Amino acid sequence: MFGLRCDGKRVKGMGIIEKAEPFFMPMRIDAVNYITVQAPCSHLDEFIARERKKGNNYTYMHVVIATLVRLLYLRPYLNRFIMRGTTYQRNGIQVSMDVKRKMEDAGANETLKFEFTGRETIAEIKEIVDSLIAKTIQQNEEGKTSGFIKHLTWTPAWVIRWALALLRWLDKHGMLPNSVLRCSPFHTSAFFTNLKSIKIGKIYHHLYNFGTTSIFIAMGKEKMMPVIENNKDLKVAKMLELGISLDERIADGFYMGKSLRMMKDILANLDSLNEPMPEGEIPTKIKKKSKKKKVKKVKKVKNEGKKKRPKSKKLKPVKIKESKTEKSVDDKKD
């Protein structure tokens, strides 16, 4: 209440337009923008194969979630949300995801929420994601979200409507208990869905008006498509597409554009995810892999440094013929 929330802090010192936007677009669905981010699978495949030799078994899902967590840490405006016309900076980084217990039509869905600091390496993020998925699916354990919703569905329909209306009112006024916020998958930094696992392409998912989610990322199945390299060469390459939905009220177009370029930089330089982020000052650039210059091999010459002496030509002996005059003089002497 009075602008205070347990999941975020009120942002102060904003510009006039930034303050006014939430009042012109009060609903999250009114302010959603859609964009596609494409990543060459060659970079991802090389990184995954290289790490597999070290004993780290990563998938596209681990790479994209780790990229998203790193991006939310490096670009903190993306980790904001709007509630009742006020902009808040989220206290932590959370990513929600739907998981199917069995790949069957009747298989039950489970919604999980992972919590991060943003400084984790990809190995630490994989451990957090895999352990919670294994705990929920393999051990057949019920998640916090399903348990919370299960209690609501036991009641009549009018009670559910009344309960959700009460939750919305409490959420708008910052009075929703922290226990409910931890269970709710809709109160999260970003929602992620892995459509590659069900072999369909990327989609643009809507943002929920309930909760505080400002970003939705849908990872589709990779596909072959024409790509122009270096603004001149046309070739066919395998690409991974991400359908991203963004609440435009959390940051302006310049900040969003720079953030999306940084996301592409991370996907192109995945080795940076092996390094943890330092505490305190947030870096503004991604360490890019330096391209090794090709060095021309020089043939080694024996006795290098010694000057070669020119070979002396052998002089052939020259036969001198006696002249006739000389012969005649000698004959006369005799």
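Colleague: Let's start with His62. Which residues does His62 touch, leaving out those up to four places away in sequence?

Modeller: Keep in mind that this is a predicted model. To list contacts, you look for heavy atoms within 4.5 Å. With those close sequence neighbours set aside, His62 touches Asn57, Ile122, Lys126 and Asp130.

Colleague: What does the side chain of His62 do with Asp130?

Modeller: For that, you check pairs of N or O atoms. The side chains of His62 and Asp130 make a polar contact at 2.8 Å. As for its place in the fold, His62 belongs to helix α3, which runs over residues 60-74.

Colleague: Is His62 buried or exposed?

Modeller: You read that from the relative accessible area, where under 20% counts as buried. His62 comes out at 4%, so it is buried. Across the protein chain, 40% of the 334 residues are buried.

Colleague: Now the rings. How many aromatic pairs does the structure hold?

Modeller: There are nine. To sort a pair, you look at the angle between the ring planes, and under 30 degrees counts as stacked. Take Phe191 and Phe216: their planes are at 10° and their centres 5.1 Å apart, so this pair is stacked.

Colleague: Where do Phe191 and Phe216 lie?

Modeller: Phe191 is in strand β7 (residues 190-194) and Phe216 in strand β8 (residues 215-219), so the pair ties together parts 25 residues apart in sequence. Both Phe191 and Phe216 are buried. They also belong to one aromatic cluster, together with Phe186, Tyr208 and Phe210.

Colleague: Which charged side chains sit over a ring?

Modeller: Here you look for a charged end above the face of a ring. Arg75 lies over the face of Tyr255, 3.9 Å from the ring centre. Another case is Arg5, whose charged end sits over the ring of Tyr88 at 5.7 Å from its centre.

Colleague: And pockets? How much space lies in the largest pocket?

Modeller: About 450 Å³. Elements supplying at least two lining residues each include β2 (32-40), α2 (41-53) and β10 (233-247).

Colleague: Last one: how many helices and strands does the protein chain have?

Modeller: Nine helices and 10 strands.

Note on methods
Residues are numbered from 1 along each chain as its sequence is written. This is a predicted model: local features need pLDDT of at least 70, side-chain atom pairs count only at pLDDT 80 or more; totals for chains, interfaces and linings use all residues. Side-chain values use heavy atoms; hydrogens and water are left out. Rings of Phe, Tyr and Trp (its six-membered ring) pair if their centres lie within 6.5 Å; planes under 30 degrees apart count as stacked, over 60 as edge-to-face and the rest as tilted. Helices (H or I, at least four residues) and strands (E, at least two) are DSSP runs, numbered from the N terminus. Buried means under 20% relative accessible area, exposed over 50%, partly exposed in between (1.4 Å probe, protein chains only). A charge sits over a ring if NZ of Lys or CZ of Arg is within 6 Å of the ring centre and within 35 degrees of the ring normal. A polar contact is a pair of N or O atoms within 3.5 Å; within protein, one must be able to donate a hydrogen and the other to accept it, and residues adjacent in sequence count only if both atoms are side-chain atoms. On a 1 Å grid over the protein atoms alone, a cavity is a set of points where a 1.4 Å probe fits but cannot get out, and a pocket is an open set with protein on both sides within 12 Å along at least five of seven lines; lining residues have an atom within 4 Å of a point. Grid points are joined across faces, edges and corners, and a volume is the space filled by probe spheres set on the points.
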